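The entries follow the order in which I looked things up.

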Amino acid sequence: MRILSGPFVRKWNGKMLNIHPSLLPSFRGSNAHEQALGAGVTVTGCTVHFVAEEVDAGQIILQEAVPVKRGDTVATLSERVKLAEHKIFPTALQLVASGAVRLGEDGRLCCVQDE
């Protein structure tokens with residue numbers, strides 16, 4: 001994981017996507033699986049969002065829920081979440097590349113059907 005500089009993020013605003021291994025805004029940062037297991041949640045997941053200057057704070061494009069199973073470890077939960085990530089990232093990328101979803105001038109998510 002890399003934290004990008006503010007000027008770089010501003011230059012590419014609305015052009016960069018990130019995938020995060022939790023259902024944001026819950027469990028931000030680099031240890032999302034540990035946080036989810038520590039909180040005792042029964043559902044976590046992954047989020048594809050636009051990159052913003054604040055870490056894991058960009059507008060959400062897609063999310064997918066993943067169950068947290070009794071006895072899960074960081075490794076087992078991570079593998080289950082990765083399957084969901086591999087499913088939703090291409091879909092989110094297609095939405096942005098096709099223009100169906102974009103970041104609006106006001107910093108909010110815009111969908112073609114919204115306009």
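Below are my notes, starting with the ground rules.

**Ground rules**

I am working on a predicted model, in which local features need pLDDT of at least 70 and side-chain atom pairs count only at pLDDT 80 or more, while totals for chains, interfaces and linings use all residues. I number residues from 1 along each chain as its sequence is written, and side-chain values use heavy atoms, with hydrogens and water left out.

**Helix H3**

I take helices (H or I, at least four residues) and strands (E, at least two) as DSSP runs, numbered from the N terminus. I looked up H3, which covers residues 74–97 and has 24 residues. From first C-alpha to last, H3 reaches 33 Å, close to the 34 Å expected at 1.5 Å a residue. The expected span is 1.5 Å times one less than the number of residues.

I then listed which residues of H3 are buried, meaning under 20% relative accessible area, with exposed over 50% and partly exposed in between (1.4 Å probe, protein chains only). They are Leu-77, Ser-78, Arg-80, Val-81, Ala-84, Glu-85, Ile-88 and Ala-92. I note that the list includes Arg-80 and Glu-85. These buried residues pack against strand E1 (17–20), helix H2 (32–39), strand E2 (43–50) and strand E3 (60–67), with contact taken as heavy atoms within 4.5 Å. Just after H3, I found Gly-99 with a positive phi of about 85 degrees.

**H2 against H3**

Two packed helices are described by the angle between their axes and the distance between the axes. For H2 and H3 I noted an angle of about 115 degrees and axes 10 Å apart. Axes here are lines fitted to C-alpha atoms, for helices over the stretch in contact, and angles run from 0 to 180 degrees between N-to-C directions. I therefore class H2 and H3 as roughly perpendicular to each other; the classes are under 35 degrees for roughly parallel, over 145 for roughly antiparallel, 65 to 115 for roughly perpendicular, and oblique for the rest.

H2 passes H3 in a right-handed crossing. A crossing is right-handed if the near helix is turned clockwise from the far one by less than a right angle, and left-handed if anticlockwise. On the H2 side I listed His-33, Glu-34, Ala-36 and Leu-37, which meet Val-74, Leu-77, Ser-78 and Val-81 in H3.

I checked Thr-44 in strand E2 and found it buried, at 2% relative accessibility. Not counting residues up to four places away in sequence, Thr-44 touches, among others, Ala-36, Leu-77 and Val-81. Its contacts also include Pro-21, Phe-27, Glu-64 and Val-66.

Thr-73 sits in the loop between E3 and H3 and is partly exposed at 38% relative accessibility.

**Cysteines**

How many disulfides does the structure hold? I found zero, a disulfide being a pair of cysteine sulfur atoms within 2.5 Å. For Cys-46, the nearest cysteine sulfur is that of Cys-111, 18 Å away. Cys-46 is buried, at 0% relative accessibility. Cys-110 is in no disulfide either, and the nearest cysteine sulfur, again that of Cys-111, is 7.6 Å away. Cys-110 counts as buried at 18% relative accessibility.

**Backbone in the loops**

I noted a cis peptide bond from Leu-24 to Pro-25, with omega near 15 degrees. Pro-25 is placed in the loop between E1 and H2. Phe-27 is in the loop between E1 and H2, with a positive phi near 60 degrees in a residue other than glycine. Phe-27 is buried at 18% relative accessibility.

Asp-56, in the loop between E2 and E3, has a positive phi of about 60 degrees although it is not a glycine. I have Asp-56 as buried, at 6% relative accessibility.

**The loop between H1 and E1**

Asn-13 lies in the loop between helix H1 (6–11) and E1 and is partly exposed, with a relative accessible area of 46%. Asn-13 touches Val-51 and Leu-103, leaving out residues up to four places away in sequence. From Asn-13 to Gly-58, 45 residues apart in sequence, I noted 9.9 Å, C-alpha to C-alpha.

Trp-12 lies in the loop between H1 and E1 and is partly exposed, at 39% relative accessible area. Trp-12 and Ala-52 are 40 residues apart in sequence and 9.5 Å apart in space, C-alpha to C-alpha.
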